[in-house]
Amino acid sequence: MKRKISFFLVLVMLVTMVLSACGKKENNTGNTGNTGSDTSSSTTDANTSTDTGTASGEAKQLVAQIGPNPETIDPALNSAVDGGNMLLFAFDCLLNVDKDNKIIPGAAESYETSEDGLTWKFHLRKDLKWSDGSPLTAKDFVYSWKRVADPNTAAPYAETVLGMVKGYEEAAGGNPDALGVSAPDDTTFVVELSHPCVYFDKLAAFATLSPVNQATIEKNGDAWATAPESYICNGPFYISEWVPSSYILFKKNPNYRDAASIKLDSIKLLLMEDPNAAYGAYQSSQAMMIKDVPTAEIPSLQGNPEFHIDPLLGTYYLDINNTLPQFSDPKVRQALSLAIDRKYVAETLMQGTYTAAPNFIGTAVVDWDGSQFMDNANGGKPYIDVNDYEGNLAKAKQLLAEAGYPDGKDFPVIKYSINDAGYHKVVAQYLQKAWKELGITVNVDVVEWASFTPMRRAGDYESSRDGWVFDYNDPSNMLDLMVSTNGNNNAKYNNPDYDALMQKAAGEKDPKTRSGLLHQAEDMIMADAGIIPVAYYNEFYLQSPKITGSWHSPYGYWYFQYADITE
């Protein structure tokens, strides 16, 4: 039985204030920011280090805002971009990603694969250490990966990142020791696959598969990831302080394998949910970067060199809870989808910072031959003509009538759930008008971020805003979301034919044939309207030119761990 622990973690976070110690924390959309400066003790054991305030300018501290209080900072449990960003500061996976989005060595200095692609052998660097100074070996990766597969952990990404590993089904069924991972010695980690996976190197660089410290988890249980002193990590920074609803302070980890290359002394993340508060922090120079820019300020920021709009690989979409009787008919879901004027949403409501989405898989996602997957979908035509809203609306009304709800008669009121950030509120208000055109009433439910994601994952909602930014550039990364057993299937879509297609694609060796199966899967999800794509993401944010050496990836992460600060 899966454990329901998210609300417990948040409760612990909100009642705990912990200072000085080694540990690090990850949050789901955590914002960061800081006005002071701290320096680390010169001790080689981060767990015994102390924080000493210094005069402004003596220590290099980057202050940023990337989200509010996180749902969880456990690598196995995180499923949000902001939490994943924090994991980048705190953990070092087997492999990493560079500024060109290429895979590079991480905790493993090299790896090789067998000719049949079924065995991956990673060679760890010697003398790796945890942030508390204790040794880190290949056995720690064995423990960590088995923990992700263990159903008692309830890791949302488990099937996505380990479904191709030999023994996964048995492991997910309650025997994690069946997972095909082993450590012949302290510096060798071996993974056996049940079928080849062309993007497995990208999975080895993904935060869910970060190594976690068995001793601290066994000692502290689920609470290990809620306090700095128990949050042992192995990355370039560790968590020194964590004040819920205020900030998380990451300090340079002296036990990191490449500590000499880390220029910052600390990163302070401001935990803000209100974009106006974040904007105020930036204007007053309390923050050097903010992710949540008030949408009302965007027109005045156009042309400002500190205002950035970067492309993301991802789709903003709506979940319609497929388990509820009022949404069980695909015609109803199609009607709700077609009633949305996507161009108006993207170009007017979202002020051109997003792009209208006619497909589930968007731009820049590559197909088997290097072309865009989107260009080859649906016979080369968009699934939804975003330029013909009137025609779409007429079709929507027809479909709703065919489903037994002419002009929305007898259709129940829809509760639409959002968290209060970005464009979610204005989109919700628009949906009230758009679906009113079908005769359907919509009530908007605003939920705090830390409660929003576990609510949605548990299916405790009717309809909800959702979105996905790719973890790696392969269409399966998003199409996998709709597999019935996937831990991130928030829409609760359940179609055995779809599951069979995705399973067949996962085991297909020929790239072109595999691509065809993935296109069939998107055909099916769009025909069923299992989810409702609305727009393709872009990231807009404010960042001071004083920050140098960092980069923002199309997966939605800021790589501040390599940054410097210049005057």
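The crossing of helix 16 and helix 17 is left-handed, a crossing being left-handed if the near helix is turned anticlockwise from the far one by less than a right angle, and right-handed if clockwise. Helices (H or I, at least four residues) and strands (E, at least two) are DSSP runs, numbered from the N terminus. This is a predicted model, in which local features need pLDDT of at least 70 and side-chain atom pairs count only at pLDDT 80 or more, while totals for chains, interfaces and linings use all residues. Residues are numbered from 1 along each chain as its sequence is written, and side-chain values use heavy atoms, with hydrogens and water left out.

**Helix 16 and helix 17**

- Helix 16 (residues 496-507) and helix 17 (residues 511-528) pack at an angle of about 160°, and their axes are 9 Å apart. That angle makes helix 16 roughly antiparallel to helix 17.
- Axes here are lines fitted to C-alpha atoms, for helices over the stretch in contact, and angles run from 0 to 180 degrees between N-to-C directions. Angles under 35 degrees count as roughly parallel, over 145 as roughly antiparallel, 65 to 115 as roughly perpendicular and the rest as oblique.
- On the helix 16 side, the contact (heavy atoms within 4.5 Å) is made by D497, Y498, L501, M502, K504 and A505. Helix 17 contributes R514, L517, L518, Q520, A521, M524 and I525.
- By class, the contact of helix 16 with helix 17 has 9 nonpolar, 1 polar and 3 charged residues. Ala, Val, Leu, Ile, Met, Phe, Trp, Tyr, Cys and Pro count as nonpolar, Asp, Glu, Lys and Arg as charged, and the others, Gly among them, as polar.

**Helix 10 and helix 12**

- Helix 10 (residues 330-338) and helix 12 (residues 389-402) cross at roughly 155°, and their axes come within 8 Å. Helix 10 is therefore roughly antiparallel to helix 12.
- The crossing of helix 10 and helix 12 is left-handed.
- K331, V332, Q334, A335 and L338 of helix 10 make the contact with Y389, N392, L393, K395, A396, L399, L400 and E402 of helix 12.
- The contact of helix 10 with helix 12 divides into 8 nonpolar, 2 polar and 3 charged residues.

**Helix 11 and helix 13**

- The axes of helix 11 (residues 342-349) and helix 13 (residues 424-436) cross at roughly 145° and come within 11 Å. Helix 11 passes helix 13 in a right-handed crossing.
- From helix 11, Y344, V345 and L349 meet V426, V427 and Y430 of helix 13. The residues of this contact are 6 nonpolar, with no polar and no charged ones.

**Whole chain**

- The protein has 17 helices and 21 strands.
- Of its 567 residues, 60% are buried. Buried means under 20% relative accessible area, exposed over 50%, and partly exposed in between (1.4 Å probe, protein chains only).
- Among contacts between residues at least 6 apart in sequence, 73% join residues at least 24 apart.

**Buried loop residues**

- L94 lies in the loop between helix 2 (81-90) and strand 4 (95-97). Its relative accessible area is 0%, so L94 is buried.
- Not counting residues up to four places away in sequence, L94 touches P105, G106, A107, A108, F122, L124, F141, W145, F189 and A204. L94 and A207 are 113 residues apart in sequence, and their C-alpha atoms are 9.9 Å apart in space.
- P475 sits in the loop between strand 18 (463-469) and helix 15. With a relative accessible area of 3%, P475 is buried.
- Apart from its neighbours within four places in sequence, P475 is in contact with I361, V365, V366, F373, F470 and L518. P475 and E522 are 47 residues apart in sequence and 9.5 Å apart in space, C-alpha to C-alpha.

- S245, a residue other than glycine, has a positive phi near 65°. S245 is found in the loop between strand 10 (237-243) and strand 11 (247-252), and at a relative accessible area of 48% S245 is partly exposed.
- K492, also a residue other than glycine, has a positive phi near 60°. K492 is placed in the loop between helix 15 (476-479) and helix 16, and at a relative accessible area of 25% K492 is partly exposed.

**Cysteines**

- The count of disulfides is 0, where a disulfide is a pair of cysteine sulfur atoms within 2.5 Å.
- C93 counts as buried at 5% relative accessibility, and C233 counts as buried at 0%.
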